[in-house]
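Here are some friendly notes to read alongside the model.

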Amino acid sequence: MDNVLLAFLLTLLSGLATGIGGLITLFTKRSNNRFLSISMGFSAGVMIYVSMIELFPEANALLGGMYGEKTGSLYTVLSFFAGMFLIALIDKFIPEDENPHEMASCPLPAVQNGKTQNLKRTGVMTAVAIAIHNFPEGIAAFVSATQSLRVALPIIIAIAIHNIPEGISVAMPIYCSGGSRKKALGYSFLAGLSEPLGALIGYLILLPFMNDAVFGILYGLVAGIMVFISFDELLPGAEVYGEHHLAIYGLVGGMAIMALSLWLFI
Amino acid sequence: MEGNVVLALLMSAAAGLSTGIGGLFGVFAKKTNTTFLTFSLGLSAGVMVYISFVEMMPEAMELLSLAYGARQGELVRLLAFLGGMALIAIIDKLIPEEDNPHEADNWQVEEPPAHKLKRAGVLTALAVGIHNFPEGIATFVSALRDPGMALPIVAAIAIHNIPEGIAVSAPIYYATGNRWKAFGMSFLSGLAEPLGALLGYLVLMPFMSDALYGILYAGVSGIMVFISFDELLPSAEKYGKHHVAIAGVLAGMAVMAVSLLLFM
């Protein structure tokens, strides 16, 4: 039971990292393109590395133990690609400019010309979109945290890090459209709350069926989800700001930090 | 062992000379089909990232933990991985931006004057040659140890050499109108691949051990991952067809996943 509580707390923390993004927005006068490029590249590096180096082999080991090496690998690969398609579908249903992984930034000249009403709407819609996104992430973080802290910690860190730019993308348009600081911050926090909500539902629905095979499939799914988000949203997003080398340094930095932290946990 | 060496050399030659295929595309496609190019760049990235992480890194882990134990082996692996990234990052840094082979032909967006185009083509050929050198070593080393595992690597390198060949031949062809010259240059730039293999054979062979294989695998993974993220994906995105690029990445990963499963 302690494990469940701890898992829930960790998920809550990683979800509320969107609030950190909200705070950053309020304290930087203009959105800093260099900072955005680095941080998006960084989250992509973290997510790709942890997915491929930690989750994928872990899923392989769990499913291999259940079904034998060959069938186990097949299931790992299938759940990996299923995760990609799942998030691709979710992305498809969210209108382009409200997609949480694509960041809004205040100083864009197009939005400065008095379109404040639209901007505000964008912020609120982004908050809704992020909440939907965070739901499966919450399940993932929670499920892994109940299993083993060694696997869960990097996932939770990765999710927390990539929630920061998501929080920025909620708070930025609301703040820039003349909304109050409180309101901008509040929405960014709310968007992150669906993370522990997903965890709670994951706990109630999935826990009775938990075994190695379900864990393995979930790991594969989560790996697919994180890799897809990195390729589809974070990296192109990082490139949009025109700071290609910063994005790449962020990516390599993210991988290096993940690699070191995984090594320290061995 | 001798037969293996020849096979390994042949495999890296085949991977390298697919620049010639790209050369043919560049010469015979009237206008470069940007959708095709975007898709194939995404595909190469998907193939290289997938095989690096799913096949080579675990293999490196196994070899290195046998040689050094789990904890130290993992440290050696991550250092080799990051070292591979640093190596290719430095090479990229030393090659002037416009001549970088992994950035596929931006020439056609602006249509610069002919002499500039030609220079770009020749420099690109040189740059591709330099790039292919470590790739050749990589193919050769893995083919030497296990030809079955090397096949996907050869395929990945061959695929990603195609756009490189296009990048060499298209500007030369546009500048000179000479198909043979353009094709020949793209072919030549691929020759560095078996050359790298040969050099790898002569220099590395005496020291070959499981530990060195492990280090090379992790290093090559770092190289391939870096190229994918630094060059292939941004080039694919440049044409503005984001969904085509992503479809390419997914297709590349899926093709690799299926072929790895079949080889098990």
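**Notes on the predicted model**

1. Let me begin where the chains meet: 25 residues of chain B are in contact with 23 residues of chain A (contact means C-beta atoms, placed from the backbone, within 7 Å). On the chain B side, helix 3, helix 4 (70-94), helix 9 (210-238) and helix 10 (242-263) each supply at least two residues; helices here are DSSP runs of H or I, at least four residues, numbered from the N terminus. Helix 4 of chain B gives the most to that side, with eight residues. By type, the side of chain B that touches chain A holds 20 nonpolar residues, one polar and four charged (Ala, Val, Leu, Ile, Met, Phe, Trp, Tyr, Cys and Pro count as nonpolar, Asp, Glu, Lys and Arg as charged, and the others, Gly among them, as polar).

2. A word on conventions. This is a predicted model, with local features needing pLDDT of at least 70 and side-chain atom pairs pLDDT 80 or more, while totals for chains, interfaces and linings use all residues. Residues are numbered from 1 along each chain as its sequence is written, and chains are lettered from A and ligands numbered from 1 in the order in which they are written.

3. Next, the core. The largest nonpolar core has 164 residues, and A:Ala141 and A:Ala223 have the most contacts inside it. Such a core is a set of buried Ala, Val, Leu, Ile, Met, Phe, Trp, Tyr and Cys residues joined through C-beta atoms within 7 Å, buried meaning 20 or more other C-beta atoms within 10 Å of the residue's own. Helix 3 (residues 34-68) of chain B gives the most to this core, with 18 residues.

4. Do look at A:Ala223. Beyond its neighbours within four places in sequence, A:Ala223 is in contact with residues including A:Ser51, A:Leu55, A:Phe80 and A:Gly83.

5. In chain B, helix 2 (residues 19-28) packs on helix 7 (residues 147-176) at an angle of about 40°, the axes 6 Å apart (axes are lines fitted to C-alpha atoms over the stretch in contact, and angles run from 0 to 180 degrees between N-to-C directions). Helix 2 of chain B is therefore oblique to helix 7 of chain B, oblique being what remains after under 35 degrees (roughly parallel), over 145 (roughly antiparallel) and 65 to 115 (roughly perpendicular). The residues of this contact divide into nine nonpolar, eight polar and one charged.

6. In chain A, the axes of helix 6 (residues 149-176) and helix 7 (residues 181-206) come within 8 Å and cross at roughly 145°. Their contact divides into eight nonpolar, four polar and three charged residues.

Key:
A residue is buried if 20 or more other C-beta atoms lie within 10 Å of its own, exposed if 12 or fewer, and partly exposed in between; C-beta atoms are placed from the backbone. Two residues are in contact if their C-beta atoms, placed from the backbone, lie within 7 Å.
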